[in-house]
Amino acid sequence: MRCNQDTSGNHSPLLRYHYTSTPIDTCRKGVHLTTHVVLYSGGLDSTIVLDMVRRTLARMGDEVVPVYFDLRQPYSEAEIRRLDPSIQIDDRISWLGEADETSPIPIVSLRNIFMVLLCATMGNKVYFGQLHPLSESTSDGDQLFLSLMSLLLQKVASDPRHGLAYPEVFTPLSEYSKPQAVRRYLASGGRPEALLSSFSCFQPLDDTPCGECNACVNRYVALKLNSLPPGTEYIVNPESTQYYDFEFKRQATTL
Ligand SMILES: [Zn+2]
C-alpha cells in the first residue's frame with residue numbers, strides 16, 4: 001500500500017504516489033487498512049475471486065480495487081463493454097504483444113508478470129484467478145510463480161524508502177478445479193446471476209461468444225456441472241463441439 005497520495009491532478013497511477021519518510025505513520029492516518037487489487041477479466045474465475053475478496057478476504061475498512069488490463073486482443077473490446085463501473089481499466093501494457101495464434105489457448109507472454117507488478121503499485125495484496133495446476137497448468141500462475149513474485153516484491157519492500165507495505169500475491173482458487181470453484185462460490189452464498197453474466201471467449205462475434213473455443217467450452221461445462229444455464233447465446237452450441245465430451249468428463253471427475 002502506498003501512502004501520501006498526490007493531489008496535484010496527475011492521474012498516472014505510477015506517478016500518483018510519492019515517497020514519504022514515515023510511511024507507516026502516514027498509513028495509520030489513511031482511510032484504508034489494506035488495499036486488495038484483483039486482476040479481473042470478467043470471466044468465471046475472476047468473477048469468483050473478486051466476490052471472495054469482497055465478501056470474505058477484505059476486512060471492514062479495506063479497499064478492494066478490481067483492475068481489467070486491456071491487452072488489445074481480438075476479444076478485449078467485447079470484454080470491456082461488459083465491465084461495470086467499479087472495474088478500473090488499465091491500458092498500460094497494451095503494447096505487450098500479440099498472443100501466439102498457434103496455441104490452443106492464446107497467451108500474451110509475460111502478461112502475468114507485468115500485471116502483478118502494476119497491481120503491486122496500486123495495493124499490497126494482489127489476487128488473480130488461477131485454478132488448481134491439474135486443471136490449469138501454466139508456468140506463470142502456479143505456486144512457484146506466486147512465491148517468486150511475492151519474494152521479489154518483498155525484497156524491494158524491505159527498503160522502506162519504496163513505501164511498500166509487505167506486498168503479497170494470492171491465487172485463492174488454486175486448490176480448486178473450475179466446477180469446484182463454482183460449487184464453493186454458490187455454497188458460500190454467491191449470486192448465480194454474477195456467474196451467468198460472466199464472459200470468456202477467445203473469438204467472439206461482436207458480443208456473442210463462439211461456443212467452440214477452449215474458454216467457451218470450459219465455462220459452459222463448469223456451469224452445467226453445477227446445474228446452471230450458460231446465461232448467454234452462442235454462435236455454435238458448445239455441446240455439439242468436438243471438445244465438449246472430453247472436457248465434460250475431465251471436469252466431472254474433479255467435482
Ligand atoms: Zn469462444
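This is a predicted model: local features need pLDDT of at least 70, side-chain atom pairs count only at pLDDT 80 or more; totals for chains, interfaces and linings use all residues.
Where is the place of aspartate 206? Aspartate 206 sits in the loop between H7 and H8, where helices (H or I, at least four residues) and strands (E, at least two) are DSSP runs, numbered from the N terminus. Residues are numbered from 1 along each chain as its sequence is written.

Aspartate 206 is not a glycine, and yet has a positive phi of about 55°; with 8 C-beta neighbours inside 10 Å, aspartate 206 counts as exposed. For that term, a residue is buried if 20 or more other C-beta atoms lie within 10 Å of its own, exposed if 12 or fewer, and partly exposed in between, with C-beta atoms placed from the backbone. Serine 227, in the loop between H8 and H9, is likewise not a glycine but has a positive phi, of about 60°, and serine 227 is exposed, with 8 other C-beta atoms within 10 Å.

Now to helix H8 itself, residues 214-224, where 9 of the 11 residues are buried, so H8 is largely enclosed by the rest of the structure. The buried residues include Cys216, Asn218, Arg219 and Tyr220, and what covers the buried residues of H8 includes helix H2 (44-57), helix H6 (178-187), helix H7 (192-196) and helix H9 (244-252).

Of these, I would like to look at H6. Lys178, Pro179 and Val182 in H6 meet Asn218, Ala222 and Leu223 in H8, contact being taken as C-beta atoms, placed from the backbone, within 7 Å. H6 and H8 pack at an angle of about 45°, with their axes 8 Å apart. That makes H6 oblique to H8, given that angles under 35 degrees count as roughly parallel, over 145 as roughly antiparallel, 65 to 115 as roughly perpendicular and the rest as oblique. Axes here are lines fitted to C-alpha atoms, for helices over the stretch in contact, and angles run from 0 to 180 degrees between N-to-C directions.

Let me turn to the sheet. There are 5 strands in an open sheet, in the order S3-S2-S1-S4-S5, with parallel pairing; two strands pair if DSSP finds at least two bridges between them. At the edges are strand S3 (88-90) and strand S5 (168-170), each of which pairs on one side only, and the twist averages 25° from one strand to the next.

How many residues of S1 are buried? The count is 5 of the 5, so S1 is largely enclosed by the rest of the structure. Thr35, Val37 and Leu39 point one way from S1, while His36 and Val38 point the other way, and all are buried. With S2, strand S1 pairs in the parallel sense over 5 bridges, and valine 37 stands opposite valine 65 in S2.

Note on methods:
Two residues are in contact if their C-beta atoms, placed from the backbone, lie within 7 Å.
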